[in-house]
2 protein chains.
Amino acid sequence: MSMSFPKEESSIKTKDMLIGAMLRVPSEAIHRRIIRELNAAGFQGLSQPHIAVFRFPSPDGVRPSVLAERAGMSKQAMNRLLGSLEELGYLVRSDAPDEGRARVIRLTKSGHAVVAKEIEILRQIEKEWIAELGAGDFARLKLLLGRVWESPLVR
Amino acid sequence: MSMSFPKEESSIKTKDMLIGAMLRVPSEAIHRRIIRELNAAGFQGLSQPHIAVFRFPSPDGVRPSVLAERAGMSKQAMNRLLGSLEELGYLVRSDAPDEGRARVIRLTKSGHAVVAKEIEILRQIEKEWIAELGAGDFARLKLLLGRVWESPLVR
DNA sequence: CTCTCTGGTAAACTTTGTTTACCAAGTACC
DNA sequence: GGTACTTGGTAAACAAAGTTTACCAGAGAG
């Protein structure tokens, strides 16, 4: 059996839905699409967990432990992720920048290309949403989500 | 080391953010909170993957393969999940209802209690969002997300 | 100079999911 | 009525990804 996408029954009414599902479903759809299109664009070897590293904001110049913190995982797990990304040639863990005794992530050329492609995919998605909702309503949606983001709600 | 929450730098501006992150961050915050509060409410043994079963809409009366489809995972993985939930006493896989040769999930008393608690948590979250955004803007946000939901965008 | 703290690393273990394979019950077809 | 195909469920082996436990190196405090 090969993997499939969740199929939603048409009988489900958004009226009954609570905010959790309404955010989760589109969020996961976007996430799946990013992975799929990244792979299709030739960035082989990238899977779910790798994406956590390439998420906004860019990991370039950031220390491993900060990335672990951002991703909500242990330093060790992040470190293994970084190791595999280094093997794949997307970044290097450069030794000692100047400050402390810390390492710093540096994206390689293809690492930067991944970031660029990801932004491109997301801009395309936004374009599709604008086509569906209209520019005004899409802007309003982002504005509202922005207000949520800046509030203590998401902490 | 114990698990920690992602910490976000205050320097990040929502202006720069694309729709992916804006949906993902609050969505994940809600997800973590549900698990945390469910455990705190005495529903021990429930972890991340289990929640996929209890997500809207209720799994009561639904066949295992349908749940697998909804969750976007293989029948086998879902089946193991259901097995552990059965052991924990949240549901039973009742044999042969009447139709076909299929099994059907039936929530037990504590299974129904989980669903009820989950809805309670989400209603509380909505209350907090309303306090932050105002009732009008929150309603507008849900309306816009509902339009996304009903569109082909999330398929 | 030594103690302690911080950031990074490594190895063992656990969790969770897919792949592969199989079984049982319907259903279609002859 | 018997046989092949399909569907839904299950089990075991394997793979992926994360936590726990433990350790090391360097920096700063005393």
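1. From the N terminus on, chain A reads α-α-α-α-β-β-α-α, which comes to six helices and two strands. Helices here are DSSP runs of H or I with at least four residues, strands are runs of E with at least two, and both are numbered from the N terminus. Bear in mind that this is a predicted model, where local features need pLDDT of at least 70, side-chain atom pairs count only at pLDDT 80 or more, and totals for chains, interfaces and linings use all residues. Residues are numbered from 1 along each chain as its sequence is written, with chains lettered from A and ligands numbered from 1 in the order in which they are written.

2. On burial: of the 155 residues in chain A, 26% are buried (20 or more other C-beta atoms within 10 Å of the residue's own; 12 or fewer is exposed, in between is partly exposed, and C-beta atoms are placed from the backbone). As for contacts (C-beta atoms, placed from the backbone, within 7 Å), residues 24 or more positions apart make up 42% of those in chain A with a separation of 6 or more.

3. Have a look at α3(A), where Pro64(A), Leu67(A), Ala68(A), Glu69(A) and Arg70(A) are buried. Their cover includes α2 (48-54), α4 (75-87), β1 and β2 of chain A. Just after α3(A) comes Gly72(A), with a positive phi of about 70 degrees.

4. The two strands pair up (DSSP has to find at least two bridges for that). Strand β1 (residues 91-94) of chain A and β2(A) run antiparallel, joined by four bridges; in one of them, Ser94(A) partners Val104(A). β2 (residues 104-107) of chain A has Ile105(A) and Leu107(A) on its covered face, while Val104(A) and Arg106(A) are on the uncovered one.

5. In chain A it runs from Phe56(A) to Pro57(A), with omega near -5 degrees, and Pro57(A) sits in the loop between α2 and α3 of chain A. In chain B a cis bond joins Phe56(B) and Pro57(B), with omega about -5 degrees, and Pro57(B) lies in the loop between α2 (48-54) and α3 (64-71) of chain B.

6. Now the interface: 50 residues of chain A are in contact with 50 residues of chain B. On the chain A side, α1 (19-40), α3 (64-71), α5 (109-133) and α6 each give two or more residues. That side divides into 29 nonpolar, eight polar and 13 charged residues (Ala, Val, Leu, Ile, Met, Phe, Trp, Tyr, Cys and Pro count as nonpolar, Asp, Glu, Lys and Arg as charged, and the others, Gly among them, as polar).

7. Axes are lines fitted to C-alpha atoms, for helices over the stretch in contact, and angles run from 0 to 180 degrees between N-to-C directions.

8. Inside chain B, the axes of α5 (residues 109-133) and α6(B) come within 7 Å and cross at roughly 120 degrees, which makes α5(B) oblique to α6(B). Trp129(B), Ile130(B) and Leu133(B) of α5(B) meet Ala135(B), Asp137(B), Phe138(B) and Leu141(B) of α6(B). That contact has six nonpolar, no polar and one charged residue.

Methods. Two residues are in contact if their C-beta atoms, placed from the backbone, lie within 7 Å. Angles under 35 degrees count as roughly parallel, over 145 as roughly antiparallel, 65 to 115 as roughly perpendicular and the rest as oblique.
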